[in-house]
Structures are given as structure tokens and as C-alpha cells.
Amino acid sequence: MDNKTIYALSTVYGKSGVAVIRISGSDATDVIKYMTDIDTVYLKSRYAYFQSVKDFETKEILDKSLILYFKSPYSFTGEDVVEIQCHGSKAVLSSILDSLSKIPNFRLAEPGEFSKRAFYNNKMDLTEAEGLADLIDAETSEQQKYAIRQMEGNLKNLYEGWREELLKVYAYMEAYIDFPDEYIPENIKEENLNTVFKLINKINEHLQSSQNGERLREGFRVVVAGPANAGKSSLLNAIVKRNAVIVSDIAGTTRDAIDVNLDIKGYPVIFTDTAGIRKTDDIIEKQGVEIAFEKIRQADVVLAMFDATVDDIDIFNEIKKESKNNILYIANKCDNLTFEQCSELENKGCMLISAKYNKGIDILVEKIADIISKTFTSSSNILITRKRYREALLECVYNLKNFNFNKEIELSAEDIRLASRALGKITGRFEVDEILDKIFGSFCIGK
């Protein structure tokens, strides 16, 4: 990271009523000095100035804007920050950005660089930064809710608390390394072993929520599976309330897995329509069946759907073997069944629907929403939302399990140090430059 002052458009480029251009760095106030008539000697922090913004060289008026100044360290980045809230026309934006490029020691910000500077200036840790990224990308209310929790430091506080416990154990180890002639009392050994044992259990319990957190970011997977002509594509179209997939009476119409995204009660859900499961000599259709089983294995919920006028739930014995998660048995075409047939299917645990006439669809969607909701509410409010968190936690547990007093004390101390370092990788308390560019590079330019 260089010492130049950076600038970027923080709102979407294009036609809009208002746009925000952000400037951060030690020379940020040069914008006010060179492009407005404000006297920087009497400049007030967190005060809005309505001013004409002028070109750096020609002094031609480019726009009338609101200018805000945030004095270091009380700003988003921890540096001096100036924001220009101007009109959002392409001409205005282009002219102001072009003028900023002419100011000495100014340059265009790289993706995520404002947040990266906030991290380096201890305004946020890595989990809070990634919470901010998740909030920017949030498409549902639940994604928004969990992103805000992470931004508020829930994950940071949890991991830093565990790290502090390990540092206390490590301090004991270091003390006895420095004074090798001293005997370690049994009560101290027992206390440290107990601390490590409890921490292993806490982390393992936390790891159980890992898939839930990642599912919340990426989408909860619901796969519609069953024999050909069961009405799977019709069901998916009924759920999403549009013609998302092709419907035909010809068996084998769907030959590949088709994903459709939907927001169900604030949770992101990916519905997947799969090829009809049956034996076939068609090479392409056979590949579609193989893909269907792969999707079933990856699914959080499987909608095992069949034509109730032809088949029964016994046809799903193979799917039972493949799926370890929730299976909902969906009896389609119930409009063609007698009352007694419907009662018999319900007694077997089937949900009755008619995809053609949109019967039972709302009840099915409610059931799916209930499963998803219970999955998240039954786990901790603090979810693991990144694969790298899980990998670091597993590394931490591995080193903690190696810890004991039956070997050289230097080796025992190293186990604790490595475990603590693994937790530090998550929050950024150690040198983690190799992952910073990957994290912040996913941000938009003006963030």
C-alpha cells in the first residue's frame, strides 16, 4: 500500500440523481483547496458544504455539490476523507474524476482499497471487512441480517476471545521454558489441559454450523428429482411463478440440471430441476441422470416427486441411499385421485399437489421455508460464512489435539502457538498478506 491519496466513485456509474465520489489519504483536503472556494483553514469535520466544484486546472465550474470532510482517524478508512456528493450524470462524473486525476499525489483507487486501508488502520478486522462485502452482495433479508451481525464484530469477538484463552496458556508455557529448572505444578497442568479441552469442544460445536453459514451466502439447495414425466418442470414453474424451464409430455425433455434462484422468506434458495431418473440407452440422457444423482447428493432438501396415478414412493429407494438430507415425497396429479387414494398417500408421509392446477404449491413452499428456518435457528446466531474460517478452525483444533505435557515443553508450547496463529489468520491478527488481495479484490472499486 503506497502513501498516495486515492479516489473513486462509490456509487454506480450512470444516470442518477446523486452520486458519491470518495477521496481518502493524507492529501484529501487538497480537493477542497483546489476545486472549491472553501477556506481549508477553518474547515469543519463532519460538516456539509454546498459548493461549486471546479476543474483543477481551468477552474471551470463542473457541478454544484455537497462537500463533506471526515478528519482522521474518525473516518471509514482512518485517514482524512472527503466526499463529493454531486449529480449523477455521466458528464459530471467524468469531468470530476478527470480533474481529480490531475491533482499531484492522487490516483484512482483499486478494488476494495478503501476497506483495505480501513483494515490496515485498525478500523475493522478481516471478518468485519468480509461482513461488509456480504452486506454489499446481500440479496435477501436474512443475508442482510447476518452480514450486519458480522460487521458488528460478532465473529471477531468470538475468535479473539478464544485466542486470548490460548495466549494465557501459551504464556504459562513460555514462562517455564524461560525457567527450565522450575517444576510445573499439577494444578497448573490440569487447568491448562482443561482450558484446551473445553476450547476444542467449543470450536467443534461452532464448526457444525459451517455449512449453514456458507449456504446462507451461496443459497440453500433444493433439488426436484423423480422419474420422467412426473411433472418436475411444471412444479418448478409453479413455485417460481414463471416459465423458467421447458414443459413437455415427451419423456426425457429435461436432460440437464437447471438452476433457478428464489427468495423464500428472506433466505436465498436455489431450486434445481433434474433429468427424469430412469434407465435409458440415450447417451446424453444417461449423463443427465448421472448429473441428477450428483445434485441429489449435494442437496439440502430433495423433492422426491412422482406421478401418483402411476407410481408410489417405493420408487425412491435409490434416492434414499444417495441423499443424507431432508427428503419430501411429493405426489403429483392428486386431482386425478380418489379421496381414499389421497388419504393413503398422506398416511405414507406424502405431500399432495397438482402442479398443473397449482394445488398444494403454497403449502409445499411453506414446508421448505420451515425446514430452512429451523436449520438456521437451531444453530448458533454466529455462523461460519467463509470456507477459509472453517479451514483455519480445523487447523486450530488439530494443533490443540496434539497438545499435552508428555513431551518437551517447547513442543507443547508450539502446539498452542500454532493453534493461536490459526485463529489469528481469520481476524488478521497475524501477517496474512497472501489472502488480503483475494478478500478485498472482490469488492467494488469505490468500496
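Student: Are helix 4 and helix 5 roughly parallel or roughly antiparallel to each other?

Tutor: The model is a predicted one. Helix 4 covers residues 126-137, and helix 5 covers residues 141-151. The two pack at an angle of about 155°, with their axes 7 Å apart. An angle over 145 degrees counts as roughly antiparallel, and helix 4 and helix 5 are therefore roughly antiparallel to each other. In passing helix 5, helix 4 makes a left-handed crossing.

The contact can be read residue by residue. On the side of helix 4 are Thr-127, Glu-128, Glu-130, Gly-131, Leu-132, Asp-134 and Leu-135. They meet Gln-144, Ala-147, Ile-148, Gln-150 and Met-151 in helix 5. By class, this contact of helix 4 with helix 5 divides into five nonpolar, four polar and three charged residues.

Helix 6 (residues 154-178) packs against helix 7 (residues 186-207) at an angle of about 155°, and their axes are 10 Å apart. These two helices are therefore roughly antiparallel to each other. The crossing of helix 6 past helix 7 is left-handed. The contact of helix 6 with helix 7 has 11 nonpolar, three polar and three charged residues.

Now the wider chain. Its secondary structure comes to 16 helices and 12 strands. Of its 447 residues, 50% are buried. Among contacts between residues at least 6 apart in sequence, 66% join residues at least 24 apart.

The largest nonpolar core has 31 residues, and Leu-235, Leu-303 and Leu-364 have the most contacts inside it. Elements that give two or more residues to this core include strand 7 (220-225), helix 9 (232-240), strand 10 (301-307) and helix 13 (361-377). Helix 13 gives the most, with seven residues. Leu-303 touches Val-222, Val-223, Val-224, Ala-225, Leu-235, Leu-328, Ile-330, Leu-364 and Ile-368, not counting residues up to four places away in sequence. A second, separate core has 28 residues, including Tyr-159, Tyr-176, Ala-419 and Ala-422.

Gly-14 is found in the loop between strand 1 (5-9) and strand 2 (19-24). With 10% relative accessibility, Gly-14 counts as buried. Leaving out residues up to four places away in sequence, Gly-14 touches Gly-88, Ser-89, Lys-90 and Leu-93. The C-alpha atoms of Gly-14 and Ala-91 are separated by 9.4 Å, while the two residues are 77 residues apart along the chain.

Asp-312 is in the loop between strand 10 and helix 11 (317-322). Apart from neighbours within four places in sequence, Asp-312 is in contact with Phe-306, Leu-345 and Lys-348.

Some loops also hold backbone exceptions. Most residues other than glycine have a negative phi, and most peptide bonds are trans. Ser-72 and Pro-73 are joined by a cis peptide bond, with omega about 5°. Pro-73 is placed in the loop between strand 4 (61-70) and strand 5 (81-86). Lys-333 is not a glycine but has a positive phi of about 65°; this residue lies in the loop between strand 11 and helix 12 (339-347). Its relative accessibility is 28%, so Lys-333 counts as partly exposed. Asn-358, also not a glycine, has a positive phi of about 60° and lies in the loop between strand 12 (350-352) and helix 13. At 47% relative accessibility, Asn-358 counts as partly exposed.

Terms used. Residues numbered from 1 in each chain as written. Predicted model: local features only at pLDDT ≥ 70, side-chain atom pairs only at ≥ 80, totals over all residues. Heavy atoms only, no water. Axes fitted to C-alpha atoms, helices over the stretch in contact; angles between N-to-C directions. Helix = DSSP H or I, 4+ residues; strand = E, 2+ residues; numbered from the N terminus. Parallel < 35°, antiparallel > 145°, perpendicular 65-115°, else oblique. Left-handed = near helix turned anticlockwise from the far one by under 90°. Nonpolar A, V, L, I, M, F, W, Y, C, P; charged D, E, K, R; others polar. Buried < 20%, exposed > 50% of the residue type's maximum accessible area, 1.4 Å probe, protein only. Contact = heavy atoms within 4.5 Å. Core = buried A, V, L, I, M, F, W, Y, C linked by side-chain atoms within 4.5 Å.
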